[in-house]
Structures are given as structure tokens and as C-alpha cells.
Amino acid sequence: MRFQLEQRIAGPVDAVANAFVDPGFYESLEALPNLARPELLSREVRGAIVRLRVRYRFTGHLSAAVRAAVDPAKLTWVEEADHDLPAHNVSYQMIADHYADRFTCSGTYRFQPAGEATTTRKCTGDLKIRMPLVGGRVENAIVSGLREHLDAEVELVERWLAHQGG
């Protein structure tokens, strides 16, 4: 399933892009809709590229049909993302801790100025769930959850930037 999501964030593009590579930002986060508090596993700087590894755990409701195929306690994954700060571009892949044979997801985020004090974040990705009968429903649920997550992040980033003076 190919997907595209977009948010507008109050803040200049450089400040917004830099917030997403600041360990303090992740430390400030609480649980988001259907997700436990994210865990920053590593941060590596290579020139203008910052590689982050962040673990997420799904905490939302799953239908009985999906629960019959997967254990909700095993719905954890690591997002590996390379942030090209000068280009305002992020390439990512999500790596499942469990069920890796049934789940693939990768894509890009692009931060673009929408005026001096507003940034548009455009997320595109490809998601594939290999599960007979329920795969399509799971893909739709994941994309819906991702949209909810990214929308909720907007307020958190804006609050972070206000606190940082950015």
C-alpha cells in the first residue's frame, strides 16, 4: 500500500527539522495515540546526516481477527531514519522486532517551508503486510494510526520549539 500524509507545523523549516534529531525532543515525549512513549535507541552524526533509531510499541485496540493472527504484545518496531538536515529530507524504514517476515515499511519525509514561520512535512511510504485475509485491514489500520501519530506530533513539536525559543 502506497500512502502520503501531510502536516503543517508552526515553526521555521530548519528549527522543525532539527527538533526531530534532538535527543531532548524524544526525552520530552509522552505516549502518543495508540503508541507507548518512543525510546531513542541511538543517534549517530555523519557530517550533515543524522541517523536515529527509535523504538515504538503499539498500544491501541486490535480487532479479534487481527489478534488471532498477531500477539499485540509483540507489535514493536524500530524506525531507522537518516535525516539530511541541509536538504530537509528524511529516509526511513521500519523494522519489526517480531513478524518481520510479514511487515515491511519504508519511505521519506520532506520538510518544506510554507512561509517564514511554517513548515509542511510530507510523508510518503510503502507498507506491505503479508497476512492472508486480514493484511489489507491491517495496512489500513497502520496507515490510519500513522496519520494519527504524525498529526499528534505537530502539537508536540510546536510546544518543543516554543520551549526552545525556536
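Predicted model: local features only at pLDDT ≥ 70, side-chain atom pairs only at ≥ 80, totals over all residues.
Reader: What makes C105 count as buried or exposed?

Author: The relative accessible area of C105 is 6%. Buried means under 20%, so C105 is buried.

Reader: How do you know whether C123 is buried or exposed?

Author: The same cut-off applies: C123 has 1% relative accessibility, and because buried means under 20%, C123 counts as buried.

Reader: How much space lies in the largest pocket, and which residues are the closest to its centre?

Author: The largest pocket holds about 850 Å³ of space. It is lined by 44 residues, of which L35, F58, W77, F103 and I142 are the closest to its centre.

Reader: What makes up the lining of the largest pocket in terms of nonpolar, polar and charged residues?

Author: The lining comprises 28 nonpolar, nine polar and seven charged residues. Leu, Phe, Trp and Ile are among the types counted as nonpolar, so L35, F58, W77, F103 and I142 are nonpolar.

Reader: Which element gives the most to the lining of the largest pocket?

Author: The helix α4 gives the most, with eleven residues. At least two residues each come from β3 (49-57), β4 (76-84), β5 (89-96), β6 (103-113), β7 (118-129) and α4 (135-164).

How values were computed:
Residues numbered from 1 in each chain as written. Heavy atoms only, no water. 1 Å grid on protein atoms, 1.4 Å probe; cavity = no way out; pocket = protein on both sides within 12 Å on 5 of 7 lines; lining within 4 Å. Points joined across faces, edges and corners; volume = space filled by probe spheres on them. Helix = DSSP H or I, 4+ residues; strand = E, 2+ residues; numbered from the N terminus. Buried < 20%, exposed > 50% of the residue type's maximum accessible area, 1.4 Å probe, protein only.
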